[in-house]
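Please consult the sequence and the structure shown here.

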Amino acid sequence: MLHRDTQLLEIRPVLEKSGAHERMSPQEFFQNKTLRPIIKLQNDIILALFRNYIYIHKGIFHKLSPKRRMEYIESSIHKDIKFRNTLKGLVIGQFTMDELQIYNTDETAINKRIMSMIKERLKSQMQLLSSH
């Protein structure tokens, strides 16, 4: 598994602004050191999945005001368990074995962070969701 872990770490983007340092909480450190780079790496797939989600749900998203689009993003991730699990899987599947152990010790809190970060990423790139 070491070979896999090394390859995963090599393909992750290096985020200069992540601000991971030893004085922060373990959850915040994990978020900055692990989750942020993985979510950035998976950004194109996250956007493609959400575009497909919009398509499957008859494109209602495109008829909404910007404020309602933000609510739609929140709601779709909050209420659609299958979609939420798919998004979580995109992130968890990129964990090294050590990161998976950390995840297993605080799964609920880390899942909340993952979903929150993905929602914010989608909201900040809403203009990319509008293009068909």
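**Helix packing and aromatic contacts**

Helices H3 and H4 are roughly perpendicular to each other (65 to 115 degrees). The model is predicted: local features need pLDDT of at least 70 and side-chain atom pairs count only at pLDDT 80 or more, while totals for chains, interfaces and linings use all residues. Residues are numbered from 1 along each chain as its sequence is written, and side-chain values use heavy atoms, leaving out hydrogens and water.

**Helix pair**
- The axes of H3 (residues 43–56) and H4 (residues 66–79) cross at roughly 95° and come within 12 Å.
- Phe50, Tyr53 and Ile54 of H3 make the contact with Tyr72, Ile73 and Ser76 of H4 (heavy atoms within 4.5 Å).
- By class, this contact has 5 nonpolar, 1 polar and no charged residues.

**Aromatic rings**
- The count comes to 9 aromatic pairs (ring centres within 6.5 Å).
- Phe50 and Phe61 form an edge-to-face pair, with 5.9 Å centre to centre and 85° between the planes (edge-to-face: over 60 degrees).
- This pair links distant parts of the chain, since Phe50 lies in helix H3 and Phe61 in the loop between H3 and H4, 11 residues apart.
- Phe50, Tyr53, Phe61, Tyr72 and Phe83 are linked into a cluster by ring pairs.

**Burial and charge**
- Phe50 is buried at a relative accessible area of 0% (buried: under 20%, 1.4 Å probe, protein chains only).
- Phe61 also counts as buried, at 0% relative accessibility.
- The charged end of Arg69 sits over the ring of Phe61, 5.0 Å from its centre (for Arg, CZ within 6 Å of the ring centre and within 35 degrees of the ring normal).

Conventions
Axes are lines fitted to C-alpha atoms, for helices over the stretch in contact, and angles run from 0 to 180 degrees between N-to-C directions. Helices (H or I, at least four residues) and strands (E, at least two) are DSSP runs, numbered from the N terminus. Angles under 35 degrees count as roughly parallel, over 145 as roughly antiparallel, 65 to 115 as roughly perpendicular and the rest as oblique. Ala, Val, Leu, Ile, Met, Phe, Trp, Tyr, Cys and Pro count as nonpolar, Asp, Glu, Lys and Arg as charged, and the others, Gly among them, as polar. Rings of Phe, Tyr and Trp (its six-membered ring) pair if their centres lie within 6.5 Å; planes under 30 degrees apart count as stacked, over 60 as edge-to-face and the rest as tilted. Buried means under 20% relative accessible area, exposed over 50%, partly exposed in between (1.4 Å probe, protein chains only).
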